[in-house]
Amino acid sequence: MGRYIARRLLYMIAVLLVVSIITFGLMHAVPGGPFDKEKPLPEEILANLNAKYNLDAPLWKQYILYMYDVTIPQFSTQEPTSALADDALLIFNVGSVWVRWMNFGPSYASRSRTVNDIFRDQLPVSFQLGVMALLVGLLIGMPLGVLAGLKQNTIFDYFGMGIAIIGVSVPVIVAGPLLIWIFGVALKWLPPTGWGAKPPYLLGFLPETGLTWEFFKYAIMPSVALGTGTSAVIARLTRASLLQTTREDYIRTARSKGLSERVVIGRHALKNSLIPVVTILGPLFAALVTGTFVTELVFGIPGMGKYFVTSITNRDYPVIMGTILLYAIFLVVANLVVDLTYAFLDPRIRFD
Amino acid sequence: MTVSDGQGELKFGAGGKPITAKGESLWADAMRRLLRNKAAVVGGSIVILLFLAAIFAPVVAIKSFEEQVLKDQNTVPEWIISVFPSIEPYARINNDYPFGADYVGRDLFSRIVYGARISLSVALIGPIISMIIGVIYGSISGFFGGRVDNVMMRIVDILYAFPSLLFIILLMAFFRSTLTVIEEGTFAWYMAELDEALGGMFFIFVGIGLTAWQTMARLTRGQVLSVREKEFIEAAHTIGASNIRIMFKHILPNIMGPLIVAETLAIPGYISTEAFLSFIGLGVNPPTPSWGTLISDGSGVIRTYPSQAIFPALALAITMFAFNFLGDGLRDALDPRLRGTQ
């Protein structure tokens, strides 16, 4: 098990390196720089700016400097000041030693905020939306799937799978405007745009006001719009997995022992049929967190989505690079966690 | 779907079980099952209707999709007011436009009909590109196995770690800006010209192709691996058939079923990717109407003129429904044992 995890971690590092190189190359291949304005800056100023951000160095050097800032932790005995140069995404102290780790650098478009600041303020919003959407997906998808699977080829089955097809056929850019119009404009039940949580966040990512109506009234529509597609995937998978499980020998054994149907389904079939569902949660959650970009644009939510799209048009290299890297890290970690849960849930799986 | 000839001897379904009882070909058999599935027939008919509407767009939509009649901006016909009573205080009535006119006075109905051309081209070309790349890649990987397979699949794994939506946004930004400043006569210049001629669709195809083939490659590899150990492949080897002949004549026809099903089920994803790209302004070039652009334009005025966003949104949803129903039906028809598993 330990060896397996070590191998996976090494592999993850390799993957992230490749992702960073491709992104860096592609980003710099786009012509134009971050300081190209409609009214061109004087040459000396441009040269100074480029020198300040190391943009005059050869590409490989820029890449190495960037990766150094992101990956290598910095130690100091003094508490970091609030100066931009001292910023990092993670700042904490162990005894008297201060550790600064993952410095994603300055944002070229903003003088006063670093990329770390953007992540600290905007990522929690995307994360909250992603979690809410996953909850919506699970709350709708699992019951539908279980119902359809237990009552195969009945009206429940057709109803459940019909809902699932509706779910996958309505993308956020369709569901968004429809929901906004129905509940936000026509019925006026919910605010059509915006988000209920502002920085600073509880523990770095939870809304400070707590999970109150103030938070939910903004979150309901976007998370439903984003989560219905997921609920369809979960419903189909739960149904298929349950159908397969109920045909297993140990279920027949359980029945022949004379156990009640409730115990057979509840204790034996459901638990085992959830394994494939759990394995897909990682990729699904990762897809949801990147999928929040669309939802944020539709509902005017101040998450990472808007920053990423504008950073590309502004050639704000550190924001582009940081966002893609952070999401890639998220993706590979989610997949690793899922594989480990898999082994935990199914004792037949061993990693040797 | 075509019923191909010369495959009468084909006796194996996707899982290697004999399917044909009366010497009927696999495809004829699948077609019969498909036609019995009501949802799939409805979906298929909608798809055909959409294609007809897109091809004959100039006949279906008489008004121009780009002519701006400023005095008619944001006008709606009477029937829309009875459906959306909240418009009444703002709207000016003009029954010339079946779905109303947009914020610069263009006929919304024409724009939706012409918009179908974009979505359906993506539905047609997206699968072709990802099939070509994915099937070639996956079959090489699966057929040769061993070290080749290992390296090729690791590459696919790495590409999987890319947040694909972010990646496609970056790619589109790259295409849209780089290739406009290059000198005449180079390969990149011809690509940019082609894109210009297609109203910006070419790079959408490339972007979708580059991000969508990995799934196809994995699926193909898995299928090739399961088929290549079968006796009839061994038999082909013994009579001295070349690798290429075995690949195209014996393996590919046997794994086509699952590949077609996977691609049909992926089409709604391609359609929504294009719509999303156009929604954020990285898709087709204006004034080419795409449903994504229309929804984006309409969302801006959703408080006053909801119909401008809702009609294109419904068009997009109906199209995706139709392809999903058709894909589901195809899957059930080609391999009945898989019903409802994906």
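Residues are numbered from 1 along each chain as its sequence is written, while chains are lettered from A and ligands numbered from 1 in the order in which they are written. Because the model is predicted, local features need pLDDT of at least 70 and side-chain atom pairs count only at pLDDT 80 or more, whereas totals for chains, interfaces and linings use all residues.

**Chain A as a whole**

Keep chain A selected and colour by secondary structure. There are 11 helices and three strands; helices (H or I, at least four residues) and strands (E, at least two) are DSSP runs, numbered from the N terminus. Going from the N terminus, the elements run α-α-α-β-β-β-α-α-α-α-α-α-α-α. The C-alpha trace spans about 85 × 60 × 40 Å along its principal axes. Of the 352 residues in chain A, 39% are buried, where buried means that 20 or more other C-beta atoms lie within 10 Å of the residue's own, exposed means 12 or fewer, and partly exposed is in between, with C-beta atoms placed from the backbone.

**The sheet of chain A**

Next select residues 74–76, 90–94 and 97–101 of chain A. These three strands form an open antiparallel sheet in the order 1-3-2; two strands pair if DSSP finds at least two bridges between them. Which strands stand at the edges? Strand 1 and strand 2 of chain A do, and each has a single partner strand, so one side of each is left without a neighbour in the sheet. Now look at strand 2 and strand 3 of chain A, which five bridges join. To find one residue pair there, select A:L90 and its bridge partner A:W101.

**The two domains of chain A**

Colour 2–72 of chain A as domain 1 and 115–345 as domain 2; these bounds come from an automatic or database domain assignment. The C-alpha centres of the two domains lie 32 Å apart. Their contact takes 14 residues from domain 1 and 12 residues from domain 2. Select helix 1 (residues 2–29) of chain A: it gives nine residues, the largest share of the domain 1 side.

**Chain B and where it touches chain A**

Move to chain B, which has 13 helices and two strands. Buried residues make up 45% of its 342 residues. Show both chains together: 40 residues of chain B are in contact with 41 residues of chain A. Helix 7 (164–178), helix 11 (243–279), helix 12 (291–300) and helix 13 (307–334) of chain B each give two or more residues to the chain B side. Helix 13 of chain B gives the most, with 10 residues.

**Last stop: helix 12 of chain B**

Zoom in on helix 12 of chain B. How many of the 10 residues of this helix are buried? Nine are, so helix 12 of chain B is largely enclosed by the rest of the structure. Among them are B:W291, B:L294, B:I295 and B:D297. To see what covers the buried residues, select elements from both chains, including helix 6 (172–186) and helix 9 (261–299) of chain A. The cover from chain B includes helix 5 (108–144), helix 11 and helix 13.

Definitions and conventions
Two residues are in contact if their C-beta atoms, placed from the backbone, lie within 7 Å.
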